[in-house]
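I opened this notebook to keep a record of what I looked up in one structure.

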Amino acid sequence: MRTLDDLLEPLLGLDGRPAPFAGPLRDLLRDVVTRLDTHLDQRAAQAPTDLYLRGQDLIGRLRTVCRVPGRQVHRAVQAELDDAASPLRVPLWSALGDLAGQLIILLHRDGPRQGEEADGDLVLGLVGVLLGLTHPAPHQETRREPPAAVEPVKPVEPAASVAEPVEETDRRGPDDLTVRLRDEYDRLYQDSVVYLGEPDEAPETAEELWIGLHVACLRLPEAIARFQREHFARTFGGEPGEAVVPALPAIGFPGLGDPKGPGGDHWRSARTERMYDILVEMFAVAELDPGVYHGLDEMARDAQAPIRLDAETRRQYRERAWTRLRELDELQPGDGLEIRYLAWVDEVVSSFFPLPLPVPDSWWAERYRRSRALVLDAVRAAGGKADVLDGRPYDRALRGRLSGTQMIMPVEEADADRVLWTLRLPWEFGGSGEPGRVVHGVRRR
């Protein structure tokens, strides 16, 4: 099992190899040290001497881990989190959660960079270890619950004595599944807000919460999603693939039923069948995820922002998808029109998505990659050209490559005036072609 020390040392460059994330990671660790040091100093008069000295030892390890290997940070962190009387337990739990969130933002802020794949895996591994420390599997004798929120420091009364241990008994019983699942749901959104955004109102029943947890994981990078699903399985009983509720529609991970599409369809074209498989899975998820939007031109003409895919809109969207599929399937393989219709089906796939927009290596992103690959391969085989415009400057993409109403999304300044999402691929071959359509960023006011 990997530890903080196993991951921090290569990420900080202590093993002598290049470490592109070392600078930002040092800054994040300094913030953690500052928070813990301030908190411990404020509570020095209330803390038992042995716990105060142990806290200072942990802070010293964190302060010097950037320069000295073998600091055994993992063991020291775990000792504080396991001790309810520790004056650092609450702020440490909070600081580790914030560190995990900042690492996720750091990893995806600028998109993938050449030569950093292995380092990105280390960062994701570090996020997983941090989540494992703050939300461990409950197979041990006692389960570590999240500490109570930090309260403002009050002046020490003259008669004050040693601080009382953090009280953890005023909680609902472990058999209250709905309460436990709601806590898990809130924790997931708090830890992964950069991927999931702010949640809508939490589902009410245990089954809806269980579905919501797994649907949310489809928006996370696969390494984080896999860790979360294994955590859910351990926390709520059973091995990975088992669940506390009946089998759910298939959405890309073990233990769920088969997705359903329109009855009576038998596809002649292999490309049509592959597009069909992609769409069926995505529609199964859209039925369960309230945070899915669309930007299909014929249903959102002149709309300047993505539209929420409610129940009625979802039905209309499916009808258009199956119509385009059947039209594609009627064409002869190699027909010049096949590429045009294939691109139109890909447009249906790419024009509905969750917000925040899917990140690379998520379940959603993998479906778009598979759909776009079918179009790109077909165009290139015909000697033509097609492009995915994601990440390009908007004004450059606009020149001769886009048409129709382009959608906008308010973003931070770093992403303003960039293409955030390709709704329709621009393509051309043999004198034929079609311009693209995109969602692009505008500066948040």
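Entry 1. I note at the outset that the model is predicted. I looked up an open sheet of 3 strands and recorded its order as E4-E7-E8, with antiparallel pairing. Strand E4 (385–386) and strand E8 (432–434) are at the edges; each has a single partner strand, so one side of each lacks a neighbour in the sheet. I then examined how E4 meets strand E7 (residues 427–429): the two run antiparallel and are joined by 2 bridges. Within E7, Trp427 is the residue opposite Ala386.

**Entry 2. Strand E6.** I asked how many of the residues of strand E6 are buried. The count is 6 of the 6 for residues 419–424, so the strand is largely enclosed by the rest of the structure. I found E6 joined by 4 bridges to strand E9 (residues 437–443), in an antiparallel arrangement. Trp421 has Val439 of E9 as its bridge partner.

**Entry 3. Leu279.** I located Leu279 in helix H11 (residues 270–286). Is this residue, Leu279, buried or exposed? Leu279 counts as buried because its relative accessibility is 0%, and the cut-off for that class is under 20%.

**Entry 4. Backbone geometry.** I kept in mind that most residues other than glycine have a negative phi, and that most peptide bonds are trans. Leu355 and Pro356 are joined by a cis peptide bond, with omega about -5 degrees. I placed Pro356 in the loop between strand E3 (352–354) and helix H14 (363–381). Asp361 is found in the loop between E3 and H14, and I recorded for Asp361 a positive phi of about 75 degrees, although it is not a glycine.

I next turned to Asp417, whose phi is positive and near 65 degrees. Asp417 belongs to the loop between strand E5 (407–411) and E6. I classed Asp417 as exposed because its relative accessible area is 54%, the cut-off being over 50%.

**Entry 5. Surface charge.** Which residues form the negative surface patch? I listed Glu201, Glu204, Glu207 and Glu208. I followed Glu204 to the loop between helix H8 (193–196) and helix H9 (206–217). With a relative accessible area of 61%, Glu204 is exposed.

Methods: Residues are numbered from 1 along each chain as its sequence is written. This is a predicted model: local features need pLDDT of at least 70, side-chain atom pairs count only at pLDDT 80 or more; totals for chains, interfaces and linings use all residues. Side-chain values use heavy atoms; hydrogens and water are left out. Patches are made of residues with over 30% relative accessible area and no salt bridge: like charges are joined within 9 Å, nonpolar side chains (Val, Leu, Ile, Met, Phe, Trp, Tyr) within 5 Å. Accessible areas come from the Shrake-Rupley method with a 1.4 Å probe; for residues, only the protein chains shown count as cover. A salt bridge is a side-chain nitrogen of Lys or Arg within 4 Å of a carboxyl oxygen of Asp or Glu. Lys and Arg count as positive and Asp and Glu as negative; His and the chain ends are not counted. The place of a charge is taken as NZ of Lys, CZ of Arg, CG of Asp or CD of Glu. Buried means under 20% relative accessible area, exposed over 50%, partly exposed in between (1.4 Å probe, protein chains only). Two strands pair if DSSP finds at least two bridges between them.
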